[in-house]
Amino acid sequence: MRTILITGQGGTGRTTVAAATALKAAREGTRTLVLSADRTDTLGAVLGVRTGAEPVEAAPNLAAWRPDAAQRFRDDLTAFQERATSALDLLGATRLDAEEVTPLPGAEELALLRALRDAATSGPYDLLVVDLPPVPQALALLSLPEELRRYLRRLLPAERQAARALRPLLGRLAGVPMPAEWLYETAARWDVELATAEAVVGDPATTVRLVAEPGPAGADAVRAAATALALRGLRVDSLVANRVLPGAPKDPWAAALAAQQSKALDEWRGTYALHELPHLGHDPRGGDDLTALAVPGAGESGQPVEWPVTDHLTDDGVLVWHIPLPGAIREELDLVRRGDELVVSAGQFRRIVPLPSVLRRCTVAGAALREGELRVRFTPDPGLWPQGR
């Protein structure tokens with residue numbers, strides 16, 4: 001299934017672009033689902049149909065879904081209390097009733113990830129359009145499955161489950177209770193669910209569509225977003241310049257704004273697959289307005305982002321890991337080697353990535369940023385490198 005993730009600056013019409021993209025695909029005969037995590041029904045207002053906890057038909061071949069984070073959170077907490085009955089009774093805890101539970105911050109993001117997973121694995125759709133929050137929050141959401149799986153592996157490593165038959169004995173010897181079986185079972189179930197969501201985000205058929213208003217602030221936001229998305233291994237298939245004014249307005253204020261937009265658009269044309277959407281003079285509402293925007297079609301996913309390792313051992317005695325980071329600024333980059341992982345920071349964004357197996361037997365020899373690509377050099381460790389290579 002093809003997945004298009006829509007994000008960008010706050011207040012630039014991301015939901016409108018997501019709805020228009022989904023509607024266009026549906027009218028071309030593609031079975032499409034558009035997802036949103038907004039608490040308010042912005043998606044429904046744009047499409048002209050109420051959206052909620054279950055997918056609703058917004059047009060032929062088009063369903064819209066806004067998962068109910070509150071109900072899902074109540075269900076999860078109730079299930080947790082049932083599984084942890086013994087521990088809660090031991091602590092003298094008073095259980096929470098479902099009616100008194102309100103979702104914690106982040107519940108909407110988790111609900112959206114689950115809906116994304118469910119739609120990709122069991123939904124009758126060919127295209128999934130996801131209306132994401134602005135870029136910083138969207139990156140945090142998209143990185144959540146990878147980060148949580150990493151935490152689970154560190155806190156409850158799978159290899160410890162092999163010793164579950166010895167847990168009662170070990171508990172008596174150590175004098176402390178060992179982790180209960182249900183804890184490992186829950187961790188294993190979470191890992192499977194998170195892995196499925198991570199696979200959808202990292203699938204080669206998943207791309208990102210950036211939405212921005214042309215101008216100085218938009219240019220800065222797009223540059224930072226492109227770097228952050230590349231750090232996550234996500235490919236931007238197009239940049240949607242929204243609310244573009246018509247050329248040469250007579251009003252002096254509008255003319256100055258149009259000139260500012262034109263300058264940003266000229267810069268973007270040489271770097272991105274740019275699509276310009278006109279300013280309609282009002283907030284788009286309904287199918288006619290969405291059609292008038294003429295958003296780009298779903299198209300093909302294209303080539304996925306790759307981080308290749310090239311062999312320069314014969315000439316320079318190094319292996320080079322190529323990490324594409326378009327728009328990155330040298331002063332904002334930072335690298336830290338931690339065992340078999342590399343911590344890469346680009347401005348406010350950071351990612352911990354496992355080293356390719358061939359580089360785990362090497363030491364970092366340096367790094368350089370050239371033409372939007374971070375090139376990290378590794379030299380073989382004589383104590384670990386195979387003899388004769």
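Trainee: Which strands does helix α6 lie across, and at what angle does it run to β13?

Mentor: Helix α6 (residues 135-155) lies across β11, β12 and β13, at about 35 degrees to β13. Helices (H or I, at least four residues) and strands (E, at least two) are DSSP runs numbered from the N terminus. The angle is taken between N-to-C directions on a scale from 0 to 180 degrees, with axes fitted to C-alpha atoms, for helices over the stretch in contact, and contact means heavy atoms within 4.5 Å. Helix α9 (residues 216-231) lies across β12 and β13, at about 20 degrees to β13.

Mentor: A word on the basis: this is a predicted model, where local features need pLDDT of at least 70 and side-chain atom pairs pLDDT 80 or more, while totals for chains, interfaces and linings use all residues. Residues are numbered from 1 along each chain as its sequence is written, and side-chain values use heavy atoms, leaving out hydrogens and water.

Trainee: How do you know that β12 and β13 pair?

Mentor: Two strands pair if DSSP finds at least two bridges between them. Six bridges join β12 (residues 341-346) to β13, and the two run antiparallel, so they count as paired. Within this pairing, Val344 stands opposite Arg351 in β13.

Trainee: What makes β11 and β13 edge strands?

Mentor: The open sheet has the order β11-β12-β13. β11 (333-338) and β13 (349-354) each have a single partner strand, so one side of each is left without a neighbour in the sheet. The twist averages 15 degrees from one strand to the next.

Trainee: Why is the pair of Trp307 and Trp321 called edge-to-face?

Mentor: Rings of Phe, Tyr and Trp (its six-membered ring) pair if their centres lie within 6.5 Å; planes under 30 degrees apart are stacked, over 60 edge-to-face, and the rest tilted. By this rule there is one aromatic pair. Its centres are 5.9 Å apart and its planes at 65 degrees, so it is edge-to-face. Trp307 sits in the loop between α11 (286-292) and β9 (309-312) and Trp321 in strand β10 (residues 318-324), so the pair ties together parts 14 residues apart in sequence.

Trainee: Why is Glu371 called exposed?

Mentor: Exposed means over 50% relative accessible area, buried under 20%, and partly exposed in between (1.4 Å probe, protein chains only). Glu371 has 79%, so it is exposed. Glu371 lies in the loop between β14 (362-370) and β15 (373-380). Trp307 and Trp321, by contrast, are buried.
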